[in-house]
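Here's a quick briefing to read alongside the model. Keep the viewer open and follow along.

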Amino acid sequence: MDTPAATDLATRIRIVLVGTQHPGNIGSAARAIKTMGLHRLVLVAPQKFPHNEADMMAAGAEDVLNAAVEVATLAEAVADCRLVLGCTARSRRVQLRELRPRDAAASAHAEASAGGEVALVFGRERTGLENEELQLCHAAVHIPANPDYSSLNLAAAVQVLSYELRLALLGEGTSAAPAAIAPVNPDAVPHAELEGFFGQLADTLEDIDFHKGRAPDSAMRKLRRLFVRTGLDQKEVRLLRGILADAQRMARLAIGRSSG
Ligand code: SAH
């Protein structure tokens, strides 16, 4: 039997595999997480699943495999999460804060202890996570592997992160420097609500002609980073959306005036 504290925290942590190409890796990942006391596997549009290669590689972790949840997009997979960590084989590929596995595990532990849902996200074997998918993440996690050969097998990467999570959940993780740990705001809104806010923010920037011909992506990326970092709560999101709604209303009035 596992310790009650570790078992309780494990219910709030999900391992998300995005667009996995080889079903054997899904089975190996199920085995990897079960050995470390985790059990929640979410599959985003797997290429072949269910599949006998997945069953074969799971070797005793069929329960994890059978309980795996399948969804179409990463946004769906993390909609209710307050901490989303994206694992990348390449360092510093995106403008995201980058955590070492140990610090990522400490952040996940802190968030789960505060009652939040946590996701650890892993990319495709060939191409990893797309930039749009990384934008849904609060931080990137990179295993500091051999810089000349830094890409681990998917299930091996899952094993490394699950092991660090295990140590953290058992209270055996080293205490990371506080700056490395994502802020935990017990009242932070779940991901889906933040996405609603980002959608309205993007619309408003269009409405007020903020971009003036420039590509909107760069500004939105920076704004996303800013707001994800702050861990907005419900009241703050409501206030900001109220301001945006007024800005949109004023923009409509201005257009009406100039065309009238
Ligand atoms: N060729 C891909 C590698 C994908 S490996 C690329 O360059 O992105 C499949 C997945 O395993 C990755 O998306 C990542 O989630 C995980 N992974 C592999 N090596 C890793 C590393 N060194 N650090 C963190 N995650 C890693």
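What follows covers the sheet, one of its strands and the ligand site.

This is a predicted model, where local features need pLDDT of at least 70, side-chain atom pairs count only at pLDDT 80 or more, and totals for chains, interfaces and linings use all residues. Residues are numbered from 1 along each chain as its sequence is written, and side-chain values use heavy atoms, with hydrogens and water left out.

**The sheet**
- Seven strands make an open sheet in the order β3-β2-β1-β6-β4-β7-β5, with parallel pairing.
- The edges belong to β3 (69-71) and β5 (98-99); each has a single partner strand, so one side of each has no neighbour in the sheet.
- A strand here is a DSSP run of E, at least two residues long, numbered from the N terminus, and two strands pair if DSSP finds at least two bridges between them.

**Strand β4**
- 5 of the 5 residues of β4 (residues 83-87) are buried, so this strand is largely enclosed by the rest of the structure.
- "Buried" means under 20% relative accessible area, with exposed being over 50% and partly exposed in between (1.4 Å probe, protein chains only).
- In a regular strand, side chains alternate between the two faces of the sheet.
- On β4, Leu83, Leu85 and Cys87 sit on one side and Val84 and Gly86 on the other, and both faces are covered.
- β4 pairs with β6 (residues 118-122) in the parallel sense over 5 bridges, with Leu83 opposite Val118.
- β4 also runs parallel to β7 (residues 139-141), joined by 3 bridges; there, Cys87 is partnered with Val141.

**The ligand site**
- Cys87 turns up again here: along with Arg90, Arg126, Ile143 and Ser150, it comes nearest of the 19 residues around the ligand. A residue counts as near if one of its heavy atoms lies within 4 Å.
- The shell holds 8 nonpolar, 7 polar and 4 charged residues. Ala, Val, Leu, Ile, Met, Phe, Trp, Tyr, Cys and Pro count as nonpolar, Asp, Glu, Lys and Arg as charged, and the others, Gly among them, as polar.
- A ligand oxygen is 2.7 Å from a polar backbone atom of Cys87.
- A ligand nitrogen is 2.8 Å from a polar backbone atom of Ile143, and a ligand nitrogen is 2.9 Å from one of Leu152.
- The protein covers 93% of the 540 Å² of accessible area that the ligand has on its own (Shrake-Rupley method, 1.4 Å probe).

Methods
Helices (H or I, at least four residues) and strands (E, at least two) are DSSP runs, numbered from the N terminus. A polar contact is a pair of N or O atoms within 3.5 Å; within protein, one must be able to donate a hydrogen and the other to accept it, and residues adjacent in sequence count only if both atoms are side-chain atoms.
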